[in-house]
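Please read the following report on the fold of one protein chain alongside its sequence and coordinates.

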Amino acid sequence: MNRVTTRISPEEVARQMELCGRIAEMNAARAAAPAAFVDTYGCQQNEADSERIRGYLRAMGFTFTDREEEADVIVINTCAIREHAEQRVLGNVGALVHTKRRKPGQIICLCGCMAQEPHNVDKLRNSYRHVDLVFGPQALWKFPELLWRIYTRRGRVFETADDPGNIAEGIPVVRQGGVKAWVSIMYGCNNFCSYCIVPYVRGRERSRASADILREVAELAAQGYKEITLLGQNVNSYGKDLSEGVDFAELLRRVNAVPGDFLIRFMTSHPKDATERLFDAMAQCEKVAPVIHLPFQAGNDRVLRAMNRGYTREAYLEKVRALRARIPDIVLTSDVIVGFPGETTEEFEDTLSLLREVEFDALFTFIYSPRKGTPAASLPDPMGKEEKQANFQRLVDLQNEISLKKHRAYVGKTVRCLVDGRSDDVRNNLTARTAGGRLVHFTGDESLIGGYHNLKITDCSTWALFGEPAE
């Protein structure tokens, strides 16, 4: 397990920017500015990675489009966390053969976690020959070099070597909107939960220097961003590979001290590394949102051991109690896997009882999806799909009941919210988020977008709140 962080030198990053300039010169000679389409699947880290890909593309002289048929370069940033996500990507990538047939010069790139899985690389190499460039997350920093090879040499390019990972600073970023921003503070994972492919495709844990993170946060605050989310596969492990003596709790305090009117969020936290030191920092830092996503995955100790989660049911509950003692109104969300290999319905009852005890505000629920190359994929799995589905539905029904109860408690209250965009609800034109991350639909002037405003909550559903401006 390599904890030594490989840092890409400023000279290497400068070379990538030089190649961006060369491609920009080529693009400037075209009759019309070329367009790029970047499609992102999966987690917030993938969203942050796509912002860096867009940054490079803009430096190369590309404009952006949301239509594949208009694009000169298509980049598909993929997720490998579940089989359904992979199949969806492969279906959409397969359909691109038609756009490339109509536009033969189109360059199709596939990157992200799927590109780091050998079996998927073989599929792409042999069955998706219209894909020109395939590269994993650890090679993102040299995207300009890889694209330059496509332009100047014949043949396809595959950059998918097994790599423990790296840190590269100075890559340009194109963010979506001007209200919320992602800031990656670390990459990779050392936990090796038995069901999870992430450590194999994103490499070992590696942390950015705190000075680089604080510089980026200060720039975002100065630009007027109102919500900054610190990202990592396990943010609680931040700093373990550095000699700075700055852990995640201390980093939170330093980010909190950056001048500006913004809210700090973070994800994801692994329960085994969630400490009272972290909870104290959350409680004492006024900019840190009163919300934490703390995946527990299963409520039974035997299943947790089989998952290699590193904590027990009681240890998890103790952390919840310690957190609520410090922040009574904390919004708590979590993940649950139903039907892990060998889980019995009796053991699943422990998951339901934990839900009743904790009463999460929201839950992200999944039926176990085997990932090739992980230890759990080879475990015996006697429970049938119908029984798994029945357990899953019981979980969803119970959580919906709890979420509705939680949301009803907001009705009649006035809550400070960040108005973050336009709503897809036919009755309302705007959306907002409470400090705890609860979605609010309401009707108001679009000039409210990007600011904090008081909203009176008038109604709710299981999944959202409804309100009106209180000013």
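Predicted model: local features only at pLDDT ≥ 70, side-chain atom pairs only at ≥ 80, totals over all residues.

T268 is found in the loop between β13 and α9, where helices (H or I, at least four residues) and strands (E, at least two) are DSSP runs numbered from the N terminus. The peptide bond that joins M267 and T268 is cis, with omega at about 5 degrees.

Residues are numbered from 1 along each chain as its sequence is written, and side-chain values use heavy atoms, with hydrogens and water left out.

**Two open sheets**

Strand β13 belongs to an open sheet of three strands in the order β9-β12-β13, with parallel pairing; two strands pair if DSSP finds at least two bridges between them. Because β9 (180–184) and β13 (263–267) stand at the edges with a single partner strand each, one side of each is left without a neighbour in the sheet. From one strand to the next the twist averages 25 degrees; axes here are lines fitted to C-alpha atoms, for helices over the stretch in contact, and angles run from 0 to 180 degrees between N-to-C directions. Strand β12 (residues 227–231) runs parallel to β13 and is joined to it by five bridges, and F266 in β13 is the bridge partner of L230. Helix α2 (residues 44–59) packs on this sheet and touches β9, β12 and β13, its direction making about 95 degrees with that of β9; contact means heavy atoms within 4.5 Å. Helix α7 (residues 210–222) lies across β9 and β12 and runs at about 170 degrees to β9.

Another open sheet is formed by three strands in the order β14-β15-β16, again with parallel pairing. Its edge strands, β14 (291–293) and β16 (362–367), each pair on one side only, and neighbouring strands are turned by 10 degrees against each other on average, direction ignored. Six bridges pair strand β15 (residues 331–338) with β16 in the parallel sense, and D335 has F364 in β16 as its bridge partner.

**Helix pairs**

| Helix pair | Angle | Axis distance |
|---|---|---|
| α1 (residues 10–28) and α5 (residues 143–152) | about 40 degrees | 8 Å |
| α9 (residues 276–284) and α11 (residues 313–326) | roughly 25 degrees | within 9 Å |
| α12 (residues 345–358) and α13 (residues 385–408) | about 10 degrees | 10 Å |

The crossing of α1 past α5 is left-handed, a term used if the near helix is turned anticlockwise from the far one by less than a right angle, with right-handed used if clockwise. Residues R15, Q16, L19, C20, R22, I23 and M26 in α1 meet F143, P144, E145, L147, W148 and Y151 in α5. By class, this contact of α1 with α5 has nine nonpolar, one polar and three charged residues, where Ala, Val, Leu, Ile, Met, Phe, Trp, Tyr, Cys and Pro count as nonpolar, Asp, Glu, Lys and Arg as charged, and the others, Gly among them, as polar.

For α9 and α11, the axes cross at roughly 25 degrees, which means that α9 is roughly parallel to α11, and their crossing is right-handed. In this pair E276, F279, D280, M282 and A283 of α9 meet K319, A322, L323 and R326 of α11, a contact with five nonpolar, no polar and four charged residues.

The angle of about 10 degrees between α12 and α13 makes α12 roughly parallel to α13. Their contact is made by residues including F348, L352 and L355 of α12 and L395, L398 and I402 of α13; by class it has six nonpolar, four polar and four charged residues.

**Overall dimensions**

The protein chain has 13 helices and 21 strands. With 471 residues, a compact globule would have a radius of gyration near 23 Å, and the chain has 23 Å, which agrees; the radius is taken over C-alpha atoms, and the globule rule is 2.2 Å times the number of residues to the power 0.38. Taken along the principal axes, the C-alpha atoms fill a box of roughly 60 × 60 × 50 Å.

Technical notes. Parallel < 35°, antiparallel > 145°, perpendicular 65-115°, else oblique.
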